[in-house]
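Biologist: I would like to learn how to read a structure feature by feature. Please give me the general idea each time, then the case at hand.

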Amino acid sequence: MSGEEEENAAELKIGDEFLKAKCLMNCEVAIILHHKYEQLQQTSDDPMNQVSQVFEKSLQYVKRFSRYKNPDAVRQVREILSRYQLAEFELCVLGNLCPETVEEAIAMVPSIKTRGRAHDDEAIEKMLNDLSLIKKFE
């Protein structure tokens, strides 16, 4: 993106480095940090010695704000959202915030409507319904 072009997330003008970056949902970060926490507990005589306060608070935060707790559900969420050709950050915003209506989804991620992809209201509604099924069965 040239320096003259203004960034606008609603139109997915966020710079190439962000468009190509791999993003993680809170639930994915929670799984990774929890796994690391368990590793630290197993390899140390005093587990609290190995875990920094920042690590502990980060783990608590992502656990608190994760909408999906089950690793299978987390994988399914990413699979479902990946079908819709979303940018990584769009996928993560929708996976983290779990909008319930098409209007909420568009308000949270306006670019799903404006980028010229085939995301009409019906496609967005189907995506949200698929996500709500995972939440119900978790």
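**Reading one residue, then the chain**

Modeller: We start with E28, which lies in helix α2 (residues 26-43); helices (H or I, at least four residues) and strands (E, at least two) are DSSP runs, numbered from the N terminus. The model is predicted, so local features need pLDDT of at least 70 and side-chain atom pairs count only at pLDDT 80 or more, while totals for chains, interfaces and linings use all residues. Residues are numbered from 1 along each chain as its sequence is written, and side-chain values use heavy atoms, with hydrogens and water left out.

Biologist: Is E28 buried or exposed?

Modeller: The term rests on relative accessible area: buried means under 20%, exposed over 50%, and partly exposed in between (1.4 Å probe, protein chains only). E28 has 12% relative accessibility and therefore counts as buried.

Biologist: What does E28 touch?

Modeller: A contact means heavy atoms within 4.5 Å. Leaving aside residues up to four places away in sequence, E28 touches C23, V74 and R78. Its side chain also reaches the backbone nitrogen of M25, at 2.7 Å.

Biologist: How many helices and strands does the chain have?

Modeller: There are nine helices and zero strands. Along the sequence the pattern reads α-α-α-α-α-α-α-α-α. Of the 138 residues in the chain, 37% are buried. Among contacts between residues at least 6 apart in sequence, 60% join residues at least 24 apart.

Biologist: How do I read a salt bridge?

Modeller: Side chains of opposite charge can pair when their charged atoms come close. The cut-off used here is a side-chain nitrogen of Lys or Arg within 4 Å of a carboxyl oxygen of Asp or Glu. This structure holds seven salt bridges. In one of them, R75 pairs with E79, the closest N and O atoms being 3.0 Å apart. Both residues lie in helix α5, four residues apart, or about one turn of the helix. R75 is partly exposed at 41% relative accessible area, and E79 is partly exposed at 39%.

Biologist: Which side chain meets E88 in a salt bridge?

Modeller: That of R78, at 3.3 Å from N to O. This pair links distant parts of the chain, with E88 in helix α6 and R78 in helix α5, 10 residues apart. Both E88 and R78 are buried.

Biologist: And what does D121 form with K113?

Modeller: D121 and K113 form a salt bridge with the closest N and O atoms 2.8 Å apart. D121 counts as partly exposed at 40% relative accessibility, as does K113 at 36%. Elsewhere, salt bridges that share partners join K22, E28, R78 and E88 into one network. That brings us back to E28, the residue in helix α2.

Biologist: How many disulfides does the structure hold?

Modeller: A disulfide is a covalent bond between the sulfur atoms of two cysteines. The test is a pair of cysteine sulfur atoms within 2.5 Å. By that test the structure holds zero disulfides. C23 is in none, and the nearest cysteine sulfur, that of C92, is 4.8 Å away.

Biologist: Where is Q85 found?

Modeller: Q85 is in the loop between α5 and α6. Its phi is also positive, near 50°, in a residue other than glycine. Q85 is exposed, with a relative accessible area of 60%.

Biologist: How do I read a nonpolar core?

Modeller: In soluble globular proteins, nonpolar side chains tend to be buried together. A core is a set of buried Ala, Val, Leu, Ile, Met, Phe, Trp, Tyr and Cys residues joined through side-chain atoms within 4.5 Å. The largest one here has 24 residues, of which Y68, L81, L86 and L94 touch the most other members. Helices α5 (71-82), α6 (88-97), α7 (102-108) and α9 (121-137) each supply at least two residues of this core. Apart from it lies another core of eight residues, including A30, L33, Y37 and F55.

How values were computed:
A polar contact is a pair of N or O atoms within 3.5 Å; within protein, one must be able to donate a hydrogen and the other to accept it, and residues adjacent in sequence count only if both atoms are side-chain atoms.
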